[in-house]
Amino acid sequence: MNAAVANPPLPFAFTAEQQQFRDSIARFCRTHAPTARTRQQMASDTGLDRELWTGLCSELGLSGVQVPESLGGQGFGQVELGIVMEELGRANVCAPYLASSVLAANALVNAAAPAPRAEWLPQLCDGTQLATLAVAEADGHWAPHRTTVAARKTDKGWRLDGVKTYVLDGHVADLILVVARAPGSHDHEGLSLFGVRAGTPGLQVRALNSLDPTRRLARVAFTGAEALLLSEEGAAAPGLDRSMDESLAALSSEMVGGAQALLDATVSYAKMRIQFGRPIGSFQAIKHRLADLLLDVEFARSAAYRACEVAAEDPSPLRDVASVAKALASDAFMLAAREAVQLHGGIGFTWEHDTHLYFKRAQSSSVLLGSAAEHRDRYVLSLAARTAGDRP
């Protein structure tokens, strides 16, 4: 996608190479990540299928799509990352991709210093190491500048004290990237990015009971835990903010993929299910509901694609565009989940049917990295600030 950021031309289209890339991911998901395999992972203690993860990393090379080749990645960009996320979301793949290959990788690319970036990114890209990013704390907010975890510098290095929660796949991560601040600092000042290896003394990781068993969460507590400083001291805020916005664009794409899968399944069922001697999809009320859902999904898709394009070409407006994408994708995915359950009738509520898996993913994704309401507020506040700045 080579459209100009300020005024993208229409119609919008992917290149032939990007379509082939999408097709290869879709084939892999159909073959190696069917729902039956997802259910097996859900029932396991860790929720991690090492064989599937190795396939994603080594066979397809998806774990470093947006990472420069010089750092062990594929050297593509945020648009290709959005394609990956959309197809993984369509198949509802249960893997630590968002945690390690999106959140952690983006944070290392944007916020880490050259040396630790060169050390850790190749290991994430080849799949030999799993990482995650710990941002949110007890208040549930995902903005890095709201961090309270304290970083103390001692004669022997850095020590962390505090608690992070809602850490994606924190229980299986080999490296936990932690946003922490210097004591006495506030807002965007004094923020640094640290790395804590699994098993470090003073680190306590506890898996949380979550609604969505395909996306595991953990609570991570630090009590004088030894940490590696990965960024320039106190200067990580700009890189972390960009990383979170890029991850919002990627998550929005994943949600669009899930919403499209639900729409396709519901339309197919409406054509097949016979009631009163005719398919239920022939009834006007059902047509209206599916048409409204189609519009919402398409609006969300356009916003997600736009966010990925902006992230790839000109990140200056990314904050606003990413918030719009997340809000629309959250609403569309939740609407698709509700309509799928209801229009499938009684079977839509059963454990045996796949709609409940997507319903739970929609619920968890809608609040991950901030709810739709929070991102609408963020967009409005940003718009108001710009408007005030333009006044004489």
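The buried residues of H4 pack against helix H1 (16-32), helix H3 (50-59), helix H5 (97-111), helix H7 (237-272), H8 and helix H10 (355-367). Contact here means heavy atoms within 4.5 Å. Buried means under 20% relative accessible area, exposed over 50%, and partly exposed in between (1.4 Å probe, protein chains only). Helices (H or I, at least four residues) and strands (E, at least two) are DSSP runs, numbered from the N terminus.

This is a predicted model: local features need pLDDT of at least 70, side-chain atom pairs count only at pLDDT 80 or more, and totals for chains, interfaces and linings use all residues. Residues are numbered from 1 along each chain as its sequence is written, and side-chain values use heavy atoms, leaving out hydrogens and water.

H4 covers residues 78-91 and has 14 residues. From first C-alpha to last, H4 reaches 20 Å, close to the 20 Å expected at 1.5 Å a residue. That expected span is 1.5 Å times one less than the number of residues. H4 is mostly covered, with 12 of its 14 residues buried. Among them are Val79, Leu81, Glu86 and Glu87. Asn92 follows H4 and has a positive phi, near 55°.

Now the charged pairs. A salt bridge is a side-chain nitrogen of Lys or Arg within 4 Å of a carboxyl oxygen of Asp or Glu. By this rule, the count is 22 salt bridges. Glu86 and Glu87 belong to a network of salt bridges that also links Arg22, Arg90, Glu298 and Arg301.

| Pair | Closest N to O |
|---|---|
| Lys153 and Glu233 | 4.0 Å |
| Glu339 and Arg289 | 2.5 Å |

Lys153 lies in strand S2 (residues 150-154) and Glu233 in the loop between strand S7 (217-229) and H7, so this pair ties together parts 80 residues apart in sequence. Lys153 counts as exposed because its relative accessibility is 59%.

Arg242 and Glu246 both sit in helix H7. They are 4 residues apart, about one turn of the helix. Arg242 is partly exposed, at 33% relative accessible area. Glu246 is buried, at 3%.

Glu339 in helix H9 and Arg289 in helix H8 form a pair that links distant parts of the chain, 50 residues apart. Glu339 is buried, with 11% relative accessible area. Arg289 is partly exposed, at 29%.
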